[in-house]
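Open the model in a viewer and follow the selections below in order. Each stop says what to select and what is there.

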Amino acid sequence: MGYPYSHDLEVGTLLSRHFGNEKARTLEGWKELGGYATLPKALEMDPDAITEVVKNSGLRGRGGAGFPTGVKWSFMPKEPSGAHYLCCNADESEPGAFKDREILRWVPHLLIEGCLIAARAIRAEHVYIYVRGEFFPFSAILRDAVVEAYEDGYVGQNILGSGWNCDVTVHLGAGAYIAGEETGLMSSLMGGRAEPWIKPPFPAQSGAFGRPTTVNNVETLAAVPMILAEGADWYRQWGTEKSPGTKLWCCSGHLERPGTYELPLGVNLRDVIYEVCGGAPDGKKIKAVIPGGSSTAMLTAEELDCSGCYEGMAEAGSALGTASPIVMNEDTNIVQAMRRIAQFYAHESCGQCVQCREGTSWTAKILHRIEEGDGTVEDIDTLYHLCEQMTGRTICPLADSVVFPLLSSLDKFRDEYDALIKR
Amino acid sequence: MSDAANHITLTIDGVEVSVEAGTTLLQAAEHAGVVVPHYCYHPGIPSRPAQCRMCLVEIEGQPKLQPSCVFPAGDGMVVHTTSETAETARKSVIEFLLLNHPLDCPICDAAGQCMLQDYAFETGQLRSRYAEAKLVLGRDRVADDILYFGDRCIVCTRCVRFMEDLAGDNALVVAQRGHKAYIDTFPGKDLDHAFRGNIVDVCPVGALVHEDFVFKARAWDMDSSPGICPGCSTGCNVEINVKENQIVRTKPRLNPDVNSYWMCDHGRRILVMANRGVRAEAPMIRQGGELEPASWNEALSWVAEKLSDSSGVAVVSAGASNEALFYTRALLDRLGIQGGTFQVEQGEEVTLTGFPRLKLRADRAPNVRGAELHDFRLSEELPEVSDGATLVVLGDALSGAAADYGANAGFFLYIGSHLVPAARNATAILPAATVPETEGTFVNYEGRVQRFHRALRSPGVARPSWMFLSRLLEHLGGPSGVREIGDAFAVMATDTAGMHGLTWSGLGLRGELLSEAGQPAVAAE
C-alpha cells in the first residue's frame, strides 16, 4: 500500500514499508511483521563488530550533516569509566522536514530496536529519545511502544536474557528549533535552555550529564536494524558510493503530490520534483527549490538536474540537508519567502552569539522593509555584509542557516529584490 | 610543573611567546602583551561559553576564526589578533551590539569605564546602518539594591554565570531568547545572595547598577584608592571610589590570595557608612568641668602632664590599624597599664562557594588578629573602671556602656574618630582619622598583613592615631614621634613578634603572611 502516494522510483521497502499500517504500531503486530529479529543477533555481537558493520555500510547521519554514523560511534570510549548515553534526536525542527515524525508514529518499535542496537555498539545503557515539544500525538505513540517493549523484556533489565541492561526514556522538549542541534539538545535534556555549547568538548568525550554521549537522528537509527540484519553490502545496493542507502524525502510546497517518499540517495532531484511529486499544480512553472530544508541554498528550476545525495547536492551549490525540498512556483515572491525564513531563524536564535542574535533579526527587518517597498540599494550591500559576518562566526550553524538561502536568493533572484526597491 | 616539556611556543601578532600547555590563546596573548577584546570571558568566572564572539582570532591553517578565550594555544601556532578578517569580525560584533543599544552614554553610570564604549570608540563607526526602530526593554530591578537597564545589556551572561559558578545560586537567568533575550531573576526566586553585588562589577556595560550609586558620579569625577575592607576578618582588597571627599562606591580589587575578584555586599556598604555620624574634629581637653577645644600642641602637653603612672584599663577596637594598636600598647606600657580588651560584633558566616576561601566571616572586624598580636584580648564585656584609675579607649564606640561609664576614672583618654555618647565623660578627646582617611595595615584571619591607602581627607585637624600617639609618647619622654607611616611600620615590625623582616614597601598590594612567631599556637582555621 502506498503511503499516501507511491511512485515507481520509490523503494518503499525499508523504512517506510509499514507506513500507514496501524498494525506496525503495536508490539504484537510489529513482531508479526518481523520486528525485533535483529536485536538478539546484536546482543551476541561484540559492540565494535556492530560499529564495523555500520561503518562499512556507509550510513551517514540523516539529521542533515551527513556525518558517517559508524565513525561517530567509534569516537566513544572503548572502556567505559562510567555511564555512556545515546540520545536519539527526534526534534525534527527544520522547516520542510517531516520524516522523523512518520517513523515515530508508524514504526516506533523499529526506532526502539535501532536505539538498542546503537546503544549496544557505543556501550550505553541509557537511551534518551528527545522528541520535539510539539509532537504530542507522536510522542504518545512512541511512549506506548516503549512501555510495551519494557513489558516484553526488549528494554530494561537483562534484555532477552542476555544480562545486558538498557533503559529508554522518551523526553519531550519544550519547543525550540535549536534543540535539534546536538549540543543544544543535550543542554535542553539536562534541564537547561536549549543553548549549543562550544566544541571541544565533543559529545563523545563529555556530552549529556558530562558523560560520553552519541547523538543520532531518528532516521539514522531506524536504518540500523536492517543494516545489521542484511549486511553492509546489501545496504549499499541503493544510493551512491559516498551516500549509500535510501532516504526519506519530504517534498512540500507547490507540488501536485507533496509527501514523504522513500527514495534511494543519488536520485535525480528533477525526477523527485517532476516525476515523483508531479511538479507544480495547475500547470504553473517552478521558480525555485530549497532542496534540503529551509537552511540550504536555493536552486533555480534550471539547476534541478543534480544527484540527490550528499556529494551531489554540494556539487550543485546547495546541500542535501534533511532531503526536504520546498518547491516555489512562478507566483512566489522570493523576497517574501526569504523574509519568512529569516523571521523564523530570528525567532529561533538562542541568543548566545552576537552575530546570530542581532544578525538574524536585523536580516528579517531589512527583508521586511524591502518587501514593504521601503528598501534601499544600500540594504542589498548590508545584506551581503551580513551574510559574510554571519558565516562561520558562531558556536552553532543557526546563523549560517539564514545565510545559505539568503545569499543564494540574492545571487539568483536579484531582479526580484531590485524590483521592490524604490529607485 | 614548569619543565620544558609542558611548555609550548607560539607566535601572536609577531611576538613569540612561551606558555604552559593548556593555556588559552587569550591568556597566551596577554603574555605577549596583546589584549584581545572580550565581553563574555571573565578571568574569575570558570564557565566560558565563548558566546560574545568578540575575541575571535585568526589562526594560520584554521579555516574559521576561533574564540581565543577557549581555544588552547598550540606549539608552533601562528595567531593574528589584528588581521583584516579578525578586525572586520570584531568591528561587526560591535556594530551588532550597537544596533539596539541606546545612545545614553551621557547619563550612563558605566560611561568612561565601559567596554562597549571603549571598543565602539576604537572601531570608530560614526553612523549606524540600522534603519529600524530600536528595541526598548526599559529598566527593571533584579534585586532590592540593583537596577537592570535592559536596553544597555549585551547578554554576555557574566552576571548569570557569576551567580551560578561562584555564588552557587541560580537566581539569575536569561529570559526569552534571540534578540529579545534579557536578564531576569528565576521565576519565584529573589536575588538576595550576600555576594550579589559582584554582578554589577562583572557587567562590562552599564546594564547592572547599584541603586545607591545610580546617577551619583561619573567615572572621571572619582578618585580611586586601594583599600582593605573593614567589614570582617577576611580583609578583602578593595578599590575605594571617592567624589568630593565622599566615598561613593567600593569595588573589589584583585588579590588571588584573599578575595580574587570578589567581595560581599556587607563590605560594600560598610565603608560608605564609615563617614557618617558626628566627627571629632579637634582635640578637646576638660577644663573647668567642660570639654574645650584645644590645639594639638596644647592638648598633647596637657595630656602628657596629667597622665600619670597608675593602675588602669584599656579598651581598643579591632577596627583600628596595627600601627594605632602598636602605639596604644606603647602608651599603655609607658603608663604601666597591663592588658586591654576589644569587642567584636559577630554575624552570620557566608561562603562564596565557587571561591571558598572567600567568606563573609563571623568576626565583623578587620584586625582581630592584629589586636591579638598587640596583646589585647577579646572580651564581651567592657572592663570595670575603678575610682581614680586611668581609662584609655582607642576607637571603640563603647556602645551599650552605662551613661556614666568612665566618669569615675582619674583620667579618661578617648582616642576616636567620632563623638560617641560615651566620650562625653572623657578627660581628653584626641580626634583620629578613620581608616579610609589614613594609611596603615590590618592582619586578616589567616595572618596576612595587608596595607590600605588613604582615600579621604580628614575633617578639621583629626590625625592618624599612630601619628599623634607617637608624639604623645615623645612628650612622655619617649623617642621622637613618627610622621611617616613607613617609619611607624618599621618601628612596629622591629618590636612585634611575627612581623620581623616585613617592610612597608615590601607588603605591596598583595600583603604578606606573618612569620610563624606571629601565628597562634593553634591555627585560626
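**Helix 15 of chain A**

Start by selecting Leu383(A), Leu386(A), Cys387(A), Gln389(A) and Met390(A), the buried residues of helix 15 of chain A. Bear in mind throughout that the model is predicted. These buried residues pack against helix 14 and helix 16 (398–412) of chain A, and also against helix 2 (84–99) of chain B. Now show the whole of helix 15 of chain A: its 14 residues reach 20 Å from first C-alpha to last, close to the 20 Å expected at 1.5 Å a residue. After the helix comes Gly392(A), with a positive phi near 65°.

**The contact between the chains**

Next, select the residues where the chains touch: 24 residues from chain A and 25 residues from chain B. On the chain A side, helix 13 (334–348), helix 14 (354–371) and helix 15 (377–390) each supply at least two residues. Helix 14 of chain A gives the largest share, nine residues. By type, the chain A side has seven nonpolar, twelve polar and five charged residues.

**The largest nonpolar core**

Move to Leu86(A), Cys87(A), Cys88(A), Leu111(A), Cys115(A) and Ile129(A), which have the most contacts inside the largest nonpolar core, a set of 296 residues. Helix 6 (residues 108–121) of chain A contributes the largest share of this core, nine residues. Then centre on Cys88(A). Beyond its neighbours within four places in sequence, Cys88(A) is in contact with Cys115(A), Val127(A), Ile129(A), Tyr130(A), Asn216(A), Val218(A) and Leu221(A).

**Two cis peptide bonds in chain A**

Go to the loop between helix 8 (182–189) and strand 4 (213–217) of chain A, where Pro200(A) is found. The bond joining Lys199(A) and Pro200(A) is cis, with omega about -5°. The peptide bond from Pro200(A) to Pro201(A) is also cis, with omega near 5°. Pro201(A) sits in the loop between helix 8 and strand 4 as well.

**Positive phi in chain B**

Select Val155(B), in the loop between strand 7 (146–149) and helix 4 (158–167) of chain B. Its phi is near 50°, positive in a residue other than glycine. Is Val155(B) buried or exposed? Val155(B) is buried, because 27 other C-beta atoms lie within 10 Å.

Ser260(B) is the next selection, in the loop between strand 13 (246–252) and helix 6 (265–273) of chain B. Phi of Ser260(B) is near 50°, again positive in a residue other than glycine. Ser260(B) is buried, with 21 other C-beta atoms within 10 Å.

**Domains of chain B**

Finally, colour chain B by its domain assignment: domain 1 (4–93), domain 2 (130–221) and domain 3 (284–518). The C-alpha centres of domain 1 and domain 3 of chain B are 51 Å apart.

Key:
Residues are numbered from 1 along each chain as its sequence is written. Chains are lettered from A and ligands numbered from 1 in the order in which they are written. This is a predicted model: local features need pLDDT of at least 70, side-chain atom pairs count only at pLDDT 80 or more; totals for chains, interfaces and linings use all residues. Two residues are in contact if their C-beta atoms, placed from the backbone, lie within 7 Å. Helices (H or I, at least four residues) and strands (E, at least two) are DSSP runs, numbered from the N terminus. Ala, Val, Leu, Ile, Met, Phe, Trp, Tyr, Cys and Pro count as nonpolar, Asp, Glu, Lys and Arg as charged, and the others, Gly among them, as polar. The expected span of a helix is 1.5 Å times one less than its number of residues. A residue is buried if 20 or more other C-beta atoms lie within 10 Å of its own, exposed if 12 or fewer, and partly exposed in between; C-beta atoms are placed from the backbone. Domain bounds come from an automatic or database domain assignment. A nonpolar core is a set of buried Ala, Val, Leu, Ile, Met, Phe, Trp, Tyr and Cys residues joined through C-beta atoms within 7 Å.
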